[in-house]
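Below is a short note for a colleague who has not seen this structure before. The points can be read in order, with the structure open alongside.

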Amino acid sequence: MVSINPEACIGCGLCVETCAATFKIGGDLKAHVVKEPMTDHLECALGAAEVCPTQAIDLM
């Protein structure tokens, strides 16, 4: 399961650039999970968590 801490998210968009299949920037200019990553997108979701400058993405 992927979650984003909205208080930590600064809306930089690196997660979307890294894994658009899982993340999007919403109307509040914060990242949101579009859908849970399946096996084929799990690697890019992990990559997005690694590049997040505020460590707002949590993969459980």
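1. Start with Cys15. Cys15 is buried, at a relative accessible area of 9%; here buried means under 20% relative accessible area, exposed over 50%, and partly exposed in between, with a 1.4 Å probe and protein chains only. The sulfur of Cys15 lies 6.3 Å from the closest cysteine sulfur, in Cys9, which is too far for a bond.

2. Basis of the note. This is a predicted model, in which local features need pLDDT of at least 70 and side-chain atom pairs count only at pLDDT 80 or more, while totals for chains, interfaces and linings use all residues. Residues are numbered from 1 along each chain as its sequence is written, and side-chain values use heavy atoms, with hydrogens and water left out.

3. The disulfide. A disulfide is taken as a pair of cysteine sulfur atoms within 2.5 Å, and by this rule the count comes to 1. The bond joins Cys19 to Cys44, with an S to S distance of 2.0 Å. This pair links distant parts of the chain, 25 residues apart: Cys19 is in the loop between helix 1 (14-18) and strand 2 (23-25), and Cys44 is in helix 2. Helices (H or I, at least four residues) and strands (E, at least two) are DSSP runs, numbered from the N terminus. Cys19 is buried, with a relative accessible area of 1%.

4. A cysteine without a partner. Cys12 is in no disulfide, and the nearest cysteine sulfur, that of Cys52, is 6.1 Å away. Cys12 is partly exposed, at 42% relative accessible area.

5. The core. A nonpolar core is a set of buried Ala, Val, Leu, Ile, Met, Phe, Trp, Tyr and Cys residues joined through side-chain atoms within 4.5 Å. The largest one has 13 residues, of which Ile4, Cys15, Phe23, Ala48 and Ile57 touch the most other members. Strand 1 (2-4) and helix 2 (39-51) each supply at least two residues of this core, and helix 2 gives the most, with 3 residues. In soluble globular proteins, nonpolar side chains tend to be buried together.

6. Helix 2. The buried residues of helix 2 are Ala45, Gly47, Ala48 and Ala49. They pack against helix 1, strand 2 and strand 4 (57-59). Gly47 counts as buried at 17% relative accessibility, and its C-alpha atom is separated by 6.8 Å from that of Thr18, 29 residues apart along the chain. Leu42 also lies in helix 2 but is partly exposed, with a relative accessible area of 39%. Leaving out residues up to four places away in sequence, Leu42 touches Pro37 and Leu59.

7. Thr22. This residue lies in the loop between helix 1 and strand 2. Is Thr22 buried or exposed? At 0% relative accessibility, Thr22 counts as buried. Neighbours within four places in sequence aside, Thr22 is in contact with His32, Val33, Val34, Lys35, Pro37, His41 and Ala45. Leu42 and Thr22 are 20 residues apart in sequence, with their C-alpha atoms 9.0 Å apart in space.

8. The cavity. On a 1 Å grid over the protein atoms alone, a cavity is a set of points where a 1.4 Å probe fits but cannot get out, and lining residues have an atom within 4 Å of a point. Grid points are joined across faces, edges and corners, and a volume is the space filled by probe spheres set on the points. By this rule there is 1 cavity of 30 Å³ or more, and the largest cavity has a volume of about 90 Å³. Of the 15 residues that line the largest cavity, the closest to its centre are Cys9, Cys12, Cys15, Ala31 and Cys52.

9. Backbone angles to check. Leu29 is not a glycine but has a positive phi of about 65°. Leu29 is found in the loop between strand 2 and strand 3 (31-33) and counts as exposed at 61% relative accessibility. Gln55, also not a glycine, has a positive phi of about 55°. Gln55 lies in the loop between helix 2 and strand 4 and counts as exposed at 69% relative accessibility.

Notes. Contact means heavy atoms within 4.5 Å. On a 1 Å grid over the protein atoms alone, a cavity is a set of points where a 1.4 Å probe fits but cannot get out, and a pocket is an open set with protein on both sides within 12 Å along at least five of seven lines; lining residues have an atom within 4 Å of a point.
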